[in-house]
Amino acid sequence: MTGKAVVIALGGNAILRHRETGTAEEQFANVRRASRHIAGIASDGYAVVITHGNGPQVGDILLRNEIAKDTLPSMPLDVCGAESQGMIGYLLQQSMQEALGEAGLDCPVATVLTQTLVDSDDPAFGNPEKPIGPFYTAMQARRLQEEQGWRMVQIPGQGYRRVVPSPRPVALVEEQAIVRLFSAGTVVIAAGGGGIPVVTDSGGRLRGVEAVVDKDYTAALLARLVGAGDLLILTDVERVALNYGRPDQRDIGEMTVLEAREHLAAGQFPPGTMGPKIEAAVGFLDAGGGRVTIASLEEASQALAGLAGTRICP
């Protein structure tokens, strides 16, 4: 499908906001708010695919694993990712169905539990850098390194945290199901949290791995898969900025792929924050995508209309 099709990547603040405790009621309220914005985009004639982050939710699942480790078996990271996809998919499915109905739109909504194929030879497996889960004391960190073989790093002023590989996505295992549902007019929710990372073993079978795939790279892959002209990345800032957080900060309304590459090379977009979003945007546009917009959730419709946010064009 081409034309007015958009992949919308929801940031974590659309599901769980800063200082919230993460109750079901809080997350439902946030997702309902996000769904009304997305329904407005669908009302403008866009076919929609939704993907989302899952960091806080996986963090809670890992913390529950830790607290209950003497009573229940802990689940590996790929299973925790699947749990979070199912939970957030449920919140979004119910909320989107409600919001679409309020907007007078009659179209189905479905979540596809998505596995993301990664390369077992990806350099990230030799250099784990993605922090996950709760903070630990130095003594706890040493014990976990010895007992679990985890790699732990110190976060200044906060304690120690586990780090895992973050390989690049290669393909989505459920791509045929996603495309067929989308082509039939379904609002598809897919590849939450970047997808469940899997590799193929020597026998060609899929196996989950202890890793986290960056959701922005997977969102770009998903947009290419469904032939979307637009990739809309919704985050907690209104625009991309140069010299972010400094007195000479300058917001960007529009930039080309060439300019985006230059700013990346100059270190303007750090790896842990805006960097993956800009790299994902460049990859999507290099592969033939029409436009990437980075904006806040509250300005989603205006951003897609070119009236807010930052637009990155070929």
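Predicted model: local features only at pLDDT ≥ 70, side-chain atom pairs only at ≥ 80, totals over all residues.
Reader: Which residue in β12 does Ile 8 stand opposite?

Author: Strand β1 (residues 5-10) runs parallel to β12, and five bridges join the two. Within β12, the residue opposite Ile 8 is Leu 232.

Reader: In β16, which residue is the bridge partner of Leu 231?

Author: β12 is also joined to strand β16 (residues 291-296), by six bridges, and these two strands run parallel. The β16 residue that partners Leu 231 is Val 292.

Reader: Which residue in β17 is the bridge partner of Val 292?

Author: β16 pairs with β17 over three bridges, in the antiparallel sense. Strand β17 (residues 310-313) has Thr 310 and Ile 312 pointing one way and Arg 311 and Cys 313 the other way, and all are buried. The bridge partner of Val 292 in this strand is Ile 312.

Reader: Which residue stands opposite Ile 312 on the side of strand β15 (residues 254-256)?

Author: β15 and β17 run parallel and are joined by three bridges. Ile 312 in β17 has, standing opposite, Met 255.

Reader: Which strands stand at the edges of the open sheet of three strands, and why is one side of each left without a neighbour in the sheet?

Author: The order of this open sheet is β5-β7-β6, and the pairing is antiparallel. Each edge strand has a single partner strand, so one side of each lacks a neighbour in the sheet. Neighbouring strands here are turned by 40° against each other on average, direction ignored. The edge strands are β5 (130-136) and β6 (151-155).

Reader: What is the bridge partner of Pro 131 in β7?

Author: β5 pairs with strand β7 (residues 159-164) in the antiparallel sense, over four bridges. In β7, Pro 131 has as its bridge partner Val 163.

Reader: At roughly what angle do the axes of helix α7 (residues 257-265) and helix α8 (residues 275-286) cross?

Author: α7 passes α8 in a left-handed crossing. The two axes come within 10 Å of each other. They cross at roughly 145°.

Reader: How do the residues of the contact of α7 with α8 divide into nonpolar, polar and charged?

Author: On the α7 side the contact involves Val 257, Ala 260, Arg 261 and Leu 264. These meet Gly 275, Ile 278, Glu 279, Val 282, Leu 285 and Asp 286 in α8. The division is six nonpolar, one polar and three charged.

Reader: Is Leu 222 buried or exposed, and what is its relative accessible area?

Author: Leu 222 lies in helix α6 (residues 215-226). Beyond its neighbours within four places in sequence, Leu 222 is in contact with Val 7, Val 49, Thr 51, Leu 172, Ile 178 and Ala 190. The C-alpha atoms of Leu 222 and Ala 171, 51 residues apart along the chain, are separated by 8.8 Å. Leu 222 is buried, with a relative accessible area of 0%.

Reader: What is the phi of Ala 191?

Author: Ala 191 is placed in the loop between β9 (187-190) and β10 (196-200). The residue is buried, at a relative accessible area of 0%. Although Ala 191 is not a glycine, its phi is positive, about 55°.

Reader: Does Asn 243 count as buried or exposed?

Author: Asn 243 lies in the loop between β13 (241-242) and β14 (250-251). Its phi is near 55°, a positive value in a residue other than glycine. The relative accessibility of Asn 243 is 17%, and the cut-off for burial is under 20%. Asn 243 therefore counts as buried.

Definitions and conventions. Residues numbered from 1 in each chain as written. Heavy atoms only, no water. Pairing = 2+ DSSP bridges. Axes fitted to C-alpha atoms, helices over the stretch in contact; angles between N-to-C directions. Left-handed = near helix turned anticlockwise from the far one by under 90°. Contact = heavy atoms within 4.5 Å. Nonpolar A, V, L, I, M, F, W, Y, C, P; charged D, E, K, R; others polar. Buried < 20%, exposed > 50% of the residue type's maximum accessible area, 1.4 Å probe, protein only.
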